[in-house]
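Colleague: I would like to learn how to read a few features of a model. Could you take me through them one at a time?

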Amino acid sequence: SCLVYVPKDVYTTKLRIQITQILKRHFKGLGDVQHTTYFSESILARTLYQINVEDMDTIKYDYAAIERELTDACKTWDDKLSEPLCSVFTDEEGKRLSNLYKDAFPVSYQEETNSLTAVNDICHLETLSDDNKLAMMLYQPQEEERSRLRFKLYNLDEPASLSEVLPMLENMGCNVIGEVPHRITANDGRGRWIMDFYLSVD
């Protein structure tokens with residue numbers, strides 16, 4: 001049995017499943033893991049995980065490694081973004097950007113974007129101003145075929161018009177196979193947009 005305490009404000013079904021998988025893997029669990037979660041006036045949610053094992057006496061596990069994995073799993077997406085921001089920028093600037101973009105990215109963006117990619121997007125967003133409301137990036141993801149490209153447009157206040165963007169991409173010899181817009185609501189009151197295009201080239 002394992003008793004795990006998690007802050008209530010980050011406890012979700014997704015997190016519970018992650019914790020279950022971590023514990024089952026480390027303890028070489030068999031079958032389903034049973035769990036019971038308790039909520040009280042405390043700021044922490046308490047979950048008891050019961051893991052079926054063949055012989056606990058023969059299982060070797062690293063308590064520190066389990067603790068590190070559980071701690072990392074409990075970090076929010078914004079927590080994971082803050083660390084590389086402070087590495088890429090100065091500590092002061094990293095903290096400023098962390099506060100500026102805290103809770104700014106929609107769930108759809110968070111689900112498909114890791115923290116390093118988000119830092120790169122923030123670098124482009126930070127180039128935007130009243131005199132320069134547009135930035136762009138064309139690149140080829142390492143995991144994609146050579147004929148597949150990604151194109152990102154970064155806009156301040158309003159998204160770019162598709163009627164203007166699509167002909168431009170087509171003139172470049174690209175076929176647009178998908179487009180996902182993300183509205184970034186930063187804490188300075190200014191709206192920012194990332195328009196992510198999926199492209200193919202003949």
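Modeller: Gladly; we will go through helix packing, salt bridges and backbone angles in turn. Keep in mind that this is a predicted model.

Colleague: Let's start with helices. What describes two packed helices?

Modeller: The general idea is that a packed pair is described by the angle between the two axes and by the distance between those axes. Here, α1 and α2 pack at an angle of about 165 degrees, and their axes are 10 Å apart. Angles over 145 degrees count as roughly antiparallel, so α1 and α2 are roughly antiparallel to each other. Their crossing is right-handed.

Colleague: Which residues of α1 and α2 make the contact?

Modeller: From α1 come L15, Q18, I19, I22, L23, R25 and H26, while α2 contributes A65, I66, E69, L70 and A73. Sorted by class, the residues of this contact between α1 and α2 are eight nonpolar, two polar and two charged.

Colleague: At what angle do α3 and α6 pack?

Modeller: Helix α3 (residues 77-88) and helix α6 (residues 115-125) pack at about 60 degrees, with their axes 9 Å apart. That makes α3 oblique to α6. The crossing of α3 and α6 is right-handed. On the α3 side you will find W77, K80, L81, P84, L85 and V88, and these meet S115, L116, A118, V119 and I122 in α6. The contact of α3 with α6 has nine nonpolar residues, one polar and one charged.

Colleague: Now the charged side chains. How many salt bridges does the structure hold?

Modeller: To call a salt bridge, look for a side-chain nitrogen of Lys or Arg within 4 Å of a carboxyl oxygen of Asp or Glu. The structure holds eleven salt bridges. One of them pairs R25 with E69, whose closest N and O atoms are 2.6 Å apart. R25 lies in helix α1 (residues 13-26) and E69 in helix α2 (residues 63-73), so this pair ties together parts that are 44 residues apart in sequence. E69 is partly exposed, at 28% relative accessibility.

Colleague: Where do E93 and R96 lie?

Modeller: Both are in helix α4 (residues 91-100), three residues apart, which puts about one helical turn between E93 and R96. Their side chains form a salt bridge at 2.8 Å, N to O. E93 is partly exposed, with a relative accessible area of 25%, and R96 is partly exposed at 39%.

Colleague: What is phi of D103?

Modeller: Phi of D103 is near 60 degrees, a positive value in a residue other than glycine. D103 sits in the loop between α4 and α5 (107-112). With a relative accessible area of 57%, D103 is exposed.

Notes
Residues are numbered from 1 along each chain as its sequence is written. This is a predicted model: local features need pLDDT of at least 70, side-chain atom pairs count only at pLDDT 80 or more; totals for chains, interfaces and linings use all residues. Side-chain values use heavy atoms; hydrogens and water are left out. Helices (H or I, at least four residues) and strands (E, at least two) are DSSP runs, numbered from the N terminus. Buried means under 20% relative accessible area, exposed over 50%, partly exposed in between (1.4 Å probe, protein chains only). Axes are lines fitted to C-alpha atoms, for helices over the stretch in contact, and angles run from 0 to 180 degrees between N-to-C directions. Angles under 35 degrees count as roughly parallel, over 145 as roughly antiparallel, 65 to 115 as roughly perpendicular and the rest as oblique. A crossing is left-handed if the near helix is turned anticlockwise from the far one by less than a right angle, and right-handed if clockwise. Contact means heavy atoms within 4.5 Å. Ala, Val, Leu, Ile, Met, Phe, Trp, Tyr, Cys and Pro count as nonpolar, Asp, Glu, Lys and Arg as charged, and the others, Gly among them, as polar.
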